[in-house]
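Please open the model in your viewer and keep the selection panel at hand.

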Amino acid sequence: MEIAFGPVPSRRLGRSLGINNIPAKHCSYSCVYCQVGPTPVTEIAPRAFYSPENILHDVRERMGAVRALGEPVDYLSFVPDGEPTLDIRLGAAIDALRPLGLPIAVISNASLIWRPEVRDVLLRTDWVSVKADSVDESLWRRINRPHPGLVLADILEGIRVFSRSYRGMLVSETMLVAGINDTEEALAATASFLRDTGISRSYVSVPLRPPAVKDIRLPDEQAIARAWEIFSAAGVATELLTESEGDAFAFSGDLRKDILAITAVHPLRESALRALVEKSGASMTEVDALIAAGELKAVAHAGEIFYVRRLAPGIP
Ligand code: SF4
């Protein structure tokens, strides 16, 4: 298992070296749009996964390989196959990475932020993204399909408390799913929460990558524009994340490893995959071999072909 991957071009963080500190797929949610697939069993009790020493070792190695090829890295980002705060040693891993001298980001679904110890860990970072798909209990259940032990009111209060003491950049991400959280009423309620919480910037995204539940629909342009208008009118600095990140994926020297590490977290558009293959000097035959070996899968979504990592048996 590759813990460090990329750097992946990120619209928010520049060239972000990803850290996959959670094996597929341990999460407190099973979002209908999840690009990693459905969560077999949701969980909320933090526990140990990889050791901080292993994480540091992998990140160091990856940075060495990437820098030797002249590729810059702007951020170290915890963006795993599940929820990063389920890792009870996340704080120790952050401390271990500090001497590398790069800013550290965590992309979290915020479902455990009601726990003071989770907030303490996130306070040590430079940039945190919290998921805010809906502040309505029934919509939250429909979209995020949370562990039964979670309470939305506690999560929202946890985000408020965290925001008051955090010195880094706190952003939110709202994934719009057509017919669920893209109505005027739902968006206005989310916008009020984000404004009152003092979120620095809100990102509105759409399920551009193949979702866990096949029949969910992309919102149309009108719904996307409506979301932006409602959020902005509420005084929330808002950006849309409705475009592709581009095709500038780094090549570290081992094409097979690169493809598997990136697609475990981030499905690759066909154009991006072809660019990566070309950069390596190999051919698409290597991709075909990964598909034949059952490690990679090509899927169609929103008129494009994506390549995704095959997960454990039982996860489509
Ligand atoms: S989108 Fe994130 S929070 Fe939702 S199920 Fe997938 S990994 Fe978990």
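How many nonpolar, polar and charged residues does the shell around the ligand have? The shell has five nonpolar, three polar and two charged residues, where Ala, Val, Leu, Ile, Met, Phe, Trp, Tyr, Cys and Pro count as nonpolar, Asp, Glu, Lys and Arg as charged, and the others, Gly among them, as polar.

This is a predicted model, in which local features need pLDDT of at least 70 and side-chain atom pairs count only at pLDDT 80 or more, while totals for chains, interfaces and linings use all residues. Residues are numbered from 1 along each chain as its sequence is written, and side-chain values use heavy atoms, with hydrogens and water left out.

**The ligand.** Select Lys25, Cys27, Tyr29, Ser30, Cys31, Tyr33, Cys34, Gly82, Asn109 and Lys131, which surround the ligand (a heavy atom within 4 Å of it).

**The loop with Lys25.** Lys25 belongs to the loop between strand 2 and helix 1; helices (H or I, at least four residues) and strands (E, at least two) are DSSP runs, numbered from the N terminus. Next, display the peptide bond from Ala24 to Lys25, which is cis, with omega near -20 degrees.

Now show the strands: eight of them form an open sheet in the order 1-2-3-4-5-6-7-8, with mixed pairing (at least two DSSP bridges between two strands). Strand 1 (4-10) and strand 8 (238-241) are at the edges; each has a single partner strand, so one side of each is left without a neighbour in the sheet.

Move to strand 7 (residues 201-205), which pairs with strand 8 in the parallel sense over four bridges. Ser202 is opposite Thr238 in strand 8.

**Strand 1.** Pro7 lies in strand 1. Select Gly6 as well: a cis peptide bond joins Gly6 and Pro7, with omega about 10 degrees.

Finish at Ala110, in the loop between strand 4 (104-108) and helix 3 (116-122). Ala110 is not a glycine, yet its phi is positive, at about 70 degrees. Most residues other than glycine have a negative phi, and most peptide bonds are trans.
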